[in-house]
Amino acid sequence: MGVLLLIQLSHSSPWGSASSINWIIPFFSMSLAFNIIVTIAIVGRLYYFRRSMLSIFPGNSHGDHYTNIAAIFVESSVITAAFTLLCLVPLVRGSAVANVFLQPLGEIQVSASRVVGFTLN
């Protein structure tokens, strides 16, 4: 999907292309869905480890590390997902407001990844 988007962007503007399919909307939709699905899978696995840790070592504080790490992943994913939605909704509607949110999207995605790295260290 990303390759098709790059081919389309290299030949024309992503907002008014001559091709029959505008690849930027499916690309952002798939990116958003993949981000949410992977985050749910990671958080689910962390909660599974937390439950197994609590079954081995009874007590309240033995699984706190897994809960804190899951919260960090959710916070990072929410930042990226919210900003992608802010870009995707005007893009689907055909509004020029999408340009405002599209420009800093790369920086937001990098910042969300840095949240995980800085918080875990």
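This briefing walks through the helices, core and selected residues of the protein shown above.

The model is predicted: local features need pLDDT of at least 70, side-chain atom pairs count only at pLDDT 80 or more, and totals for chains, interfaces and linings use all residues. Residues are numbered from 1 along each chain as its sequence is written, and side-chain values use heavy atoms, with hydrogens and water left out. The protein has 5 helices and 0 strands, and along the sequence the pattern reads α-α-α-α-α. Helices (H or I, at least four residues) and strands (E, at least two) are DSSP runs, numbered from the N terminus.

**Overall picture**

- Of the 121 residues in the protein, 22% are buried; buried means under 20% relative accessible area, exposed means over 50%, and partly exposed is in between (1.4 Å probe, protein chains only).
- Taking contacts between residues at least 6 apart in sequence, 56% join residues at least 24 apart; contact means heavy atoms within 4.5 Å.

**Helix 3 against helix 5**

- Helix 3 (residues 64-93) packs with helix 5 (residues 105-120) at an angle of about 175°, and their axes are 9 Å apart. Axes here are lines fitted to C-alpha atoms, for helices over the stretch in contact, and angles run from 0 to 180 degrees between N-to-C directions.
- That angle makes helix 3 roughly antiparallel to helix 5, given that angles under 35 degrees count as roughly parallel, over 145 as roughly antiparallel, 65 to 115 as roughly perpendicular and the rest as oblique.
- Helix 3 brings Ile69, Ile72, Phe73, Ser76, Ile79, Thr80, Phe83 and Thr84 to the contact. From helix 5 come Leu105, Ile108, Gln109, Ala112, Ser113, Val115, Val116, Thr119 and Leu120.
- Sorted by class, this contact has 11 nonpolar, 6 polar and no charged residues. Ala, Val, Leu, Ile, Met, Phe, Trp, Tyr, Cys and Pro count as nonpolar, Asp, Glu, Lys and Arg as charged, and the others, Gly among them, as polar.
- Ile79 lies in helix 3 and counts as partly exposed, at 37% relative accessibility. Not counting residues up to four places away in sequence, Ile79 touches Ile108, Ala112 and Val115.
- Ile79 and Ser111 are 32 residues apart along the chain, and their C-alpha atoms are separated by 8.9 Å.

**The nonpolar core**

- The largest nonpolar core has 10 residues: Ile24, Phe28, Leu32, Ala81, Phe83, Cys87, Leu88, Leu91, Ala98 and Leu105. Such a core is a set of buried Ala, Val, Leu, Ile, Met, Phe, Trp, Tyr and Cys residues joined through side-chain atoms within 4.5 Å.
- Helix 2 and helix 3 are the elements that give two or more residues to this core, and helix 3 supplies the largest share, 5 residues.

**Aromatic pairs**

- The structure holds 4 aromatic pairs. Rings of Phe, Tyr and Trp (its six-membered ring) pair if their centres lie within 6.5 Å; planes under 30 degrees apart count as stacked, over 60 as edge-to-face and the rest as tilted.
- Phe83 and Phe101 have ring centres 5.9 Å apart and planes at 80°, so this pair is edge-to-face. The pair links distant parts of the chain, with Phe83 in helix 3 and Phe101 in helix 4 (residues 98-102), 18 residues apart.
- Phe83 counts as buried at 18% relative accessibility, whereas Phe101, at 21%, counts as partly exposed.
- Leaving aside neighbours within four places in sequence, Phe83 is in contact with Phe101, Pro104, Leu105 and Ile108.
- Tyr48, Phe49 and Tyr66 are linked into a cluster by ring pairs.

- Asn35 is found in helix 2 (residues 24-56) and counts as buried at 18% relative accessibility.
- Ser77 sits in helix 3 and is buried, with a relative accessible area of 8%.
- Setting aside residues up to four places away in sequence, Asn35 touches Ser77, Thr80 and Ala81, while Ser77 is in contact with Asn35 and Thr39.

**His62 in the loop**

- His62 is found in the loop between helix 2 and helix 3 and is partly exposed, with a relative accessible area of 37%.
- His62 touches Met53, Leu54 and Phe57, not counting residues up to four places away in sequence.
- C-alpha to C-alpha, His62 and Arg50 are 8.0 Å apart in space and 12 residues apart in sequence.
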